[in-house]
Amino acid sequence: MGFYSRLIPKQSCALCAEPAPFCVCQECELEFTNHQPRCQSCAHPINIKLDFCGQCLVHAPKFNRAYTLYDYQGPITHLIKAFKYDHQLCIGDYFAHQLFGLYQSIIDSDAHYDAIIPMPLSQERIQERGYNQVLELLRVIGKRETVTIDTQSVTRTKATQALSLLKLEQRQQEIKGAFSVKTLPYQSVLLVDDVMTTGSSMNELAKTILKNTQVEHCDVMTLARAESKFN
Ligand SMILES: [Zn+2]
Ligand SMILES: [Zn+2]
């Protein structure tokens with residue numbers, strides 16, 4: 001292979017099909033947004049200079065703080081869907097690198113976690129998809145950081161319907177008891193999922209962990225934060 005052929009991008013952008021060094025070109029990447037400010041609690045976009053969104057002021061979530069990389073809107077939604085439903089590995093790799101960057105910035109801000117816990121999928125969902133996509137998102141962190149990625153201690157015991165279509169009370173009812181947890185030898189954990197919409201699943205997961213283990217602190221990290229019409 002000659003010098004120049006090595007410089008020629010071998011891939012095309014998953015969004016616009018133009019040649020790209022990775023599976024996303026720089027132009028498309030510029031279209032990804034990350035709204036600021038965000039609610040200090042649930043990372044929902046807020047417009048005015050408040051620390052918390054209306055929803056969190058009324059019902060504070062069980063987790064302490066949520067961090068996210070993108071707004072779930074525009075081209076990023078296509079990229080996330082291509083990753084989740086078409087299982088495009090290159091996109092997973094791209095996101096895993098981006099999420100590693102976010103993780104480092106969280107750690108640099110003095111946060112400490114004894115373990116990372118990916119949102120567990122139900123057996124039905126794993127069989128349907130063949131894998132848990134959240135684990136793919138954690139691959140770079142898993143390689144470069146010493147933090148434990150615990151995939152064994154929390155399980156999903158109930159498959160739930162799409163929570164974003166339900167009202168608050170219905171969501172709480174639907175997700176209630178969806179997780180079961182073993183003893184966790186940690187004090188502080190980071191829960192990870194691809195997209196957070198209403199936050200109900202994360203809230204239930206944090207609630208289950210805080211109630212049944214010695215864990216005292218749960219933060220949340222997601223790839224994208226969708227605007228919930230309930231906020
Ligand atoms: Zn592109
Ligand atoms: Zn909030």
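Author: Two residues are in contact if their C-beta atoms, placed from the backbone, lie within 7 Å. Helices (H or I, at least four residues) and strands (E, at least two) are DSSP runs, numbered from the N terminus. The model is predicted: local features need pLDDT of at least 70 and side-chain atom pairs count only at pLDDT 80 or more, while totals for chains, interfaces and linings use all residues. Residues are numbered from 1 along each chain as its sequence is written, and chains are lettered from A and ligands numbered from 1 in the order in which they are written.

Reader: Which element of the chain has the lowest mean pLDDT?

Author: The predictor's confidence in each residue is its pLDDT, on a scale from 0 to 100. The chain averages 90, and 95% of the residues score at least 70. Where pLDDT is low, the predicted coordinates should not be read in detail. Strand S4 (residues 115–118) has the highest mean, 98, and the lowest, 51, belongs to helix H1 (residues 3–7).

Reader: What radius of gyration does the chain have?

Author: The chain comprises 10 helices and 9 strands, and its C-alpha atoms fill a box of roughly 60 × 40 × 40 Å along the principal axes. The radius of gyration is taken over C-alpha atoms, and the globule rule is 2.2 Å times the number of residues to the power 0.38. For 231 residues a compact globule would have a value near 17 Å, with which the chain agrees at 18 Å.

Reader: Within what arc do the buried residues of H5 fall?

Author: Helix H5 (residues 89–108) has 20 residues and spans 28 Å from its first C-alpha to its last, close to the expected 28 Å (1.5 Å times one less than the number of residues). Ile 91, Gly 92, Phe 95, Leu 99 and Tyr 103 are buried in H5 (20 or more other C-beta atoms, placed from the backbone, within 10 Å of its own; 12 or fewer is exposed, and partly exposed is in between). Gly 101, Ser 105 and Asp 108 are the exposed residues on the face turned away from that buried side. The buried residues line one face of H5, because the directions from the helix axis to their C-beta atoms fall within an arc of 110°.

Reader: Which strands do the buried residues of H10 pack against?

Author: Helix H10 (residues 200–212) has 13 residues and reaches 18 Å, close to the 18 Å expected. Its buried residues include Met 202, Leu 205, Ala 206 and Ile 209. They pack against helix H9 (168–175) and against strands S6 (154–156), S7 (179–181), S8 (188–196) and S9.

Reader: Which residues touch the most other members of the largest nonpolar core?

Author: A nonpolar core is a set of buried Ala, Val, Leu, Ile, Met, Phe, Trp, Tyr and Cys residues joined through C-beta atoms within 7 Å. In soluble globular proteins, nonpolar side chains tend to be buried together. Of the 53 residues here, those touching the most other members are Cys 13, Val 24, Val 189, Leu 191 and Val 192. Elements that each supply at least two residues of this core include S3, H4, H5, S4, H7, S8, H10 and S9.

Reader: How far apart in space are Val 189 and His 217, C-alpha to C-alpha?

Author: Val 189 lies in strand S8 and is buried, because 29 other C-beta atoms lie within 10 Å. Beyond four places in sequence, Val 189 touches Tyr 113, Asp 114, Ala 115, Ile 117, Ile 209, Val 215 and Cys 218. Val 189 and His 217 are 28 residues apart in sequence, and in space their separation is 6.3 Å.

Reader: Is Ala 43 buried or exposed?

Author: Most residues other than glycine have a negative phi, and most peptide bonds are trans. Ala 43 lies in the loop between H2 and H3 and has a positive phi near 70°. That loop also holds Pro 37, which a cis peptide bond with omega of about 0° joins to Gln 36. With 25 other C-beta atoms within 10 Å, Ala 43 is buried.

Reader: What separates the C-alpha atoms of Glu 124 and Ala 159?

Author: Glu 124 is in helix H6 (residues 123–129) and is exposed, with 11 other C-beta atoms within 10 Å. Glu 124 and Ala 159 are 35 residues apart along the chain, and their C-alpha atoms are separated by 7.3 Å.
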